[in-house]
Amino acid sequence: MPILEWNDGYSVGVNIIDKEHKQLVAMINKAYDSVKNMEEEKVLKVLVKDMCDYAVSHFSTEERFMEKYGYPAYEEHERMHHDFTVKAEALDLLVKSGNPVEPVKVFKYLADWLRNHILKTDKDLGKFLNEKGVK
């Protein structure tokens with residue numbers, strides 16, 4: 001069973017953002033499924049690297065929209081992205097250095113962060129962008 005299932009309630013109403021969110025959900029679920037196969041240590045390294053790459057790519061997508069349309073909560077939203085990126089980079093360094101990391105805790109953190117970020121912060125952004133005619 002996936003740790004996070006995509007449903008229409010997660011849609012922010014902006015196609016590219018929803019598509020990228022679905023990719024992240026799929027990445028997290030693939031990693032979480034690895035626990036069942038006893039491959040979590042191997043998958044954790046890939047997931048954390050992918051999370052860093054994802055943060056750079058996806059967050060820049062959202063931030064371009066925020067800047068282009070003058071989103072009033074831009075600074076707060078960008079700070080959340082920054083905080084996530086710092087956490088992902090710290091995890092990457094921790095994993096690369098061979099320090100013990102509990103994969104299930106990492107997967108749960110990612111799923112919880114994404115769920116909370118989408119359902120509040122990104123929903124607000126989506127509503128704002130929809131009002132500007134962005135779909």
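**Salt bridges, a helix and the core**

1. At 52% relative accessibility, Lys120 counts as exposed, since exposed means over 50% relative accessible area, buried under 20% and partly exposed in between (1.4 Å probe, protein chains only). Its partner in a salt bridge is Asp124, with the closest N and O atoms 2.7 Å apart. A salt bridge here is a side-chain nitrogen of Lys or Arg within 4 Å of a carboxyl oxygen of Asp or Glu. Asp124 is partly exposed, because its relative accessible area is 34%.

2. The model is predicted: local features need pLDDT of at least 70 and side-chain atom pairs count only at pLDDT 80 or more, whereas totals for chains, interfaces and linings use all residues. Residues are numbered from 1 along each chain as its sequence is written, and side-chain values use heavy atoms, with hydrogens and water left out.

3. The structure holds five salt bridges. Another of them joins Asp112 to Arg115, whose closest N and O atoms are 2.9 Å apart. Both residues lie in helix α4, three residues apart, which is about one turn of the helix. Asp112 is partly exposed at 25% relative accessibility, and Arg115 is partly exposed at 24%.

4. Lys49 is partly exposed at 39% relative accessibility, as is Asp53 at 40%.

5. Helix α3 covers residues 74-96, 23 residues in total, and spans 33 Å from its first C-alpha to its last, close to the 33 Å expected at 1.5 Å a residue. That expected span is 1.5 Å times one less than the number of residues. Helices are DSSP runs (H or I, at least four residues), numbered from the N terminus. Among the buried residues of α3 are His77, Phe84 and Asp92. After α3 comes Gly98, with a positive phi near 85 degrees.

6. Which residues have the most contacts inside the largest nonpolar core? They are Met51, Phe84 and Leu129, in a core of 38 residues. Such a core is a set of buried Ala, Val, Leu, Ile, Met, Phe, Trp, Tyr and Cys residues joined through side-chain atoms within 4.5 Å. Two or more residues each come from α1 (15-36), α2 (40-69), α3 and α4 (103-131), and α2 gives the most, with 11.
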